[in-house]
Amino acid sequence: RLARRCEWQRTGMQLLEIDRAVEEDESSHKDGDSDTKSTRTSVPATRPPTGAESSGAPDGPSATRAEAWLAMAGCFYLNMVVLWSYQSLLASLALYEERWPRAHVSFTGLVVFGVAMCAGQGLQLATRGAWCRRYGVRIIPGYAILTGVCFVLLLAPSEGTILGSFATVGLVCCLTEAPLYSLASRWRDSALTTSLNAGNGAAGVLNISALTAIRLALSGRRAGAPSTLDRANRVFLLSSLALTAAAIPAYCALVRVRPLGRALRGAQSQAAEGKDAGGEVVSYGRVWAQVRAPFLCQLLSFATTLLLWPGLACAAEPTGWFAAHAMWFCSPAIIAAFNVADFVGKAIGNQPRVVRVLSLRACVLLTVCRAGFAMPIALALPGSGTSVWSTGVLAAVVGVGLSNGLLATRTMCLGPQCVQVHERAVAADFMVLSLYLGITVGSLSGYAVGRSVLFSVASEI
């Protein structure tokens, strides 16, 4: 009751300020009593919307703690499933590289994945979502397509189907992940955006952990044999089928959470008109001018990450224990080291102490320093002819993953906060595009380095 009373008081103060402005305007122009009455009657209809009205997001007091936790848990699970298929392809790199070594799937797969995501998100922004404005029509078929990808990989694995699966998963990310971030940006704070990022990181950790456990359970000490990898991958894909299929009823249950359902209806009604809650078309130029710093920061962060991982990191020469167990080096060692560190970074990225330290300026400085150290290493190591200890490679991957998780969470939360409430959905679309562009630029850079040095060496051998 107190919170609602405070909200009514804030609304009353806004109306009082508008009335005072109208009275001053009337006294200065002296338009007459008739004009005064018409102006006074039009004030309530033209007053600026409050935060809840302008964004379509639930106001703080209207969302109970239980509803907030249900919304966060639902967003966590749904985004985890979106990235589960992508992480499944990464976790199976050891099998794919063993079967089709000339395809260089650890490089080409990420390139195809990034290009598909950028094309889909670019179409979304160019058409202002006109091709599909209803979130349910995008999200539910998206999860059905992910289920179909699992069937294809089970029944007809080949070079073409693997690369096609990377492209399909990239397009599905635009169908499902982008509207989830747009919907989360309409929440009263960044809690849902943080849950989406945590689900992103958890997908990698749980995915590689499950595949490793299956490999160990099937064959014990002989877990590195190609036949064992094939059997483990099939069992893993069967479990992925159940996970992706369960996402459809999970989404239907999520939109029944009262505040989130109201936010969804508000977002869809505004998108159908192509205008914000104030009746004006959102200017992309104005939004871009305010989010360009976190946009470029996130783009460079992901470009640096994908330049080094997983292609170049997996291409390092295994040493020590991994020299005799090379099938365990790329997957699960390299993949798991990054995924665990990335998840930790995303889990703590929105903690109050981290938020105070990682301001927008700090994020920009950390991103630039990170790129400055990473890019020369990526260009020098493949052609240096020196042997790098596998433990050193793993330590570097952990550092890349931790910093990537922190920067991804902070920049994704800072972007929508830089604009007005009714423009946050467009800002979230821009931030998702920066994520996809970063993945594409980084994977293309890694592929260029691999093509110039690693692929030629492999062909000579």
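The talk below sets values against their definitions.

Guide: This is a predicted model: local features need pLDDT of at least 70, side-chain atom pairs count only at pLDDT 80 or more, and totals for chains, interfaces and linings use all residues. Residues are numbered from 1 along each chain as its sequence is written, and side-chain values use heavy atoms, with hydrogens and water left out.

Visitor: What makes up the secondary structure of the protein chain?

Guide: The protein chain has 20 helices and zero strands. Helices (H or I, at least four residues) and strands (E, at least two) are DSSP runs, numbered from the N terminus.

Visitor: Where does α4 bend?

Guide: At Trp 84, by about 35°. The bend is the angle between axes fitted to the seven residues ending there and the seven starting there.

Visitor: Why is α4 called largely enclosed?

Guide: Buried means under 20% relative accessible area, exposed over 50%, partly exposed in between (1.4 Å probe, protein chains only). In α4, 19 of the 27 residues are buried, so the rest of the structure largely encloses this helix. For the protein chain, buried residues make up 51% of the 461 residues.

Visitor: Is Asn 79 buried or exposed?

Guide: Asn 79 lies in α4. Its relative accessible area is 0%, so Asn 79 is buried. Leaving aside neighbours within four places in sequence, Asn 79 is in contact (heavy atoms within 4.5 Å) with Glu 177, Leu 180, Tyr 181, Leu 196, Asn 197, Gly 199 and Asn 200.

Visitor: Which share of the contacts in the protein chain joins residues 24 or more positions apart?

Guide: The share is 84% of the contacts with a separation of 6 or more.

Visitor: Why is the pair Glu 67 and Arg 258 called a salt bridge?

Guide: The rule asks for a side-chain nitrogen of Lys or Arg within 4 Å of a carboxyl oxygen of Asp or Glu. The closest N and O atoms of Glu 67 and Arg 258 are 3.3 Å apart, a salt bridge. Glu 67 lies in α4 and Arg 258 in helix α12 (residues 258-273), so the pair ties together parts that are 191 residues apart in sequence. Glu 67 is buried at 15% relative accessible area. Arg 258 has 43%, so Arg 258 is partly exposed.

Visitor: How many salt bridges are there by this rule?

Guide: The count comes to three. Another is Glu 423 with Arg 286, the closest N and O atoms being 2.4 Å apart. This pair links distant parts of the chain, 137 residues apart: Glu 423 is in the loop between α19 (390-417) and α20 (424-460), Arg 286 in helix α13 (residues 284-308). Glu 423 is buried at 1% relative accessible area, whereas Arg 286 is partly exposed at 36%.

Visitor: What separates Lys 346 and Asp 342 in helix α16?

Guide: About one helical turn, because they are four residues apart in α16. An α-helix has 3.6 residues a turn, so residues three or four places apart point the same way. Lys 346 forms a salt bridge with Asp 342, the closest N and O atoms being 3.1 Å apart. Lys 346 is buried at 3% relative accessible area. Asp 342 has 5% and counts as buried.

Visitor: What makes the nonpolar surface patch?

Guide: Val 340, Val 344, Ile 348 and Leu 402 make this patch, with about 270 Å². Patches are made of residues with over 30% relative accessible area and no salt bridge: like charges are joined within 9 Å, nonpolar side chains (Val, Leu, Ile, Met, Phe, Trp, Tyr) within 5 Å. Areas come from the Shrake-Rupley method with a 1.4 Å probe; for residues, only the protein chains shown count as cover. Helix α16 (residues 329-348) gives the most to the patch, three residues. Val 340 is found in α16 and is partly exposed at 41%.

Visitor: Is Ile 334 buried or exposed?

Guide: Ile 334 is found in α16. With 0% relative accessible area, Ile 334 is buried. Beyond four places in sequence, Ile 334 touches residues including Trp 309, Cys 314 and Val 393.

Visitor: Which peptide bonds are cis at Pro 310 and Pro 332?

Guide: One joins Trp 309 and Pro 310, with omega about 0°. The other runs from Ser 331 to Pro 332, with omega near 20°.
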